[in-house]
Amino acid sequence: MPFFLCTRQKEAWSGFAESAKDGPSTRFLSEFAKKYEVVIISPILEIDENGVWWNTAVVINERGEYLGKHRKNHLPCVGSFNETNYYSPGNTGHPVFETKYAKIAVNICYGRHHALNWLMFGLNGAEIVFNPSATISEFGESFWGIEARNAATANGFFTCSVNRVGTEMFTVNDKEITRSYYGSSYVTAPDGSRTPMLSRNKDGLLIMEIDLNLCRQVKDRWGFNMTSRLDMYVECLQNSTENAN
């Protein structure tokens with residue numbers, strides 16, 4: 001599916017909207033998850049029973065079973081990224097999915113810019129947090145290699161930063177828009193070490209063997225959880241929320 005959000009159209013793309021639990025994408029990928037005994041994360045355009053659209057990631061376990069979904073918490077409205085015109089803000093919180101291999105979470109695309117988003121997945125027990133993205137160079141390539149790496153060390157989990165490649169062209173109000181995605185996917189460990197990035201302009205496959213014990217080892221060594229003072233931040237956040245309203 002193209003990244004249609006910059007077209008300022010909605011009805012033209014409604015045919016791609018599907019159910020998270022039993023839509024065609026989930027049914028199709030479930031067969032592969034079961035066949036190869038892998039966990040698959042499938043970003044989709046979800047439509048619910050009330051006709052509401054969501055930017056959603058579906059998680060399918062190694063038995064091909066629908067494990068659950070996460071709806072994107074933070075929707076951008078920057079330049080030609082106008083997701084608020086299409087989607088509703090996520091209402092699934094920060095779910096962590098227990099699989100055969102690890103406790104995983106999905107921080108969808110723009111959510112990587114919000115440190116508290118990463119924090120909540122960590123507090124809920126995530127060992128690996130995936131960040132499926134579709135982002136272009138003028139929107140954050142300069143800190144693409146920093147945000148998820150910082151999140152991994154601050155929260156004691158692995159991060160998998162995934163970005164697409166390729167170029168798309170759209171016509172909006174008689175104006176040509178070109179979007180080039182810069183790829184550069186990589187994995188970071190809780191100690192801050194990371195893999196080399198994949199290509200900026202070619203499809204690639206990154207396979208990494210990880211030791212989940214490193215999550216606990218880093219947390220024990222640095223004591224970030226013990227010294228986090230969450231109670232202090234809760235009060236500050238509560239005050240900020242009340243003032244904003």
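## The second largest pocket

Let's start with an opening: the second largest pocket has a volume of about 580 Å³. Among its 23 lining residues, A115, L116, L119, N155 and L230 lie closest to the centre. Helices α2 (115-123), α3 (144-155) and α5 (230-244) each give two or more residues to this lining, and α2 has the largest share, with 7 residues. By type, the lining divides into 14 nonpolar, 6 polar and 3 charged residues.

On a 1 Å grid over the protein atoms alone, a pocket is an open set of points with protein on both sides within 12 Å along at least five of seven lines, a cavity is a set where a 1.4 Å probe fits but cannot get out, and lining residues have an atom within 4 Å of a point. Points are joined across faces, edges and corners, and a volume is the space filled by probe spheres set on them. Ala, Val, Leu, Ile, Met, Phe, Trp, Tyr, Cys and Pro count as nonpolar, Asp, Glu, Lys and Arg as charged, and the others, Gly among them, as polar.

## About the model

This is a predicted model, in which local features need pLDDT of at least 70 and side-chain atom pairs count only at pLDDT 80 or more, while totals for chains, interfaces and linings use all residues. Residues are numbered from 1 along each chain as its sequence is written, and side-chain values use heavy atoms, leaving out hydrogens and water.

The structure holds 1 cavity of 30 Å³ or more. The largest cavity has a volume of about 40 Å³, and its lining is made up of T153, A154, N155, G156, V218, K219, F224 and N225. Of the helices, α3 gives the most to this lining, with 3 residues.

Beyond its neighbours within four places in sequence, V106 is in contact (heavy atoms within 4.5 Å) with I41, A57, V59, H70, F121, F130 and P132.

Terms used. Helix = DSSP H or I, 4+ residues; strand = E, 2+ residues; numbered from the N terminus.
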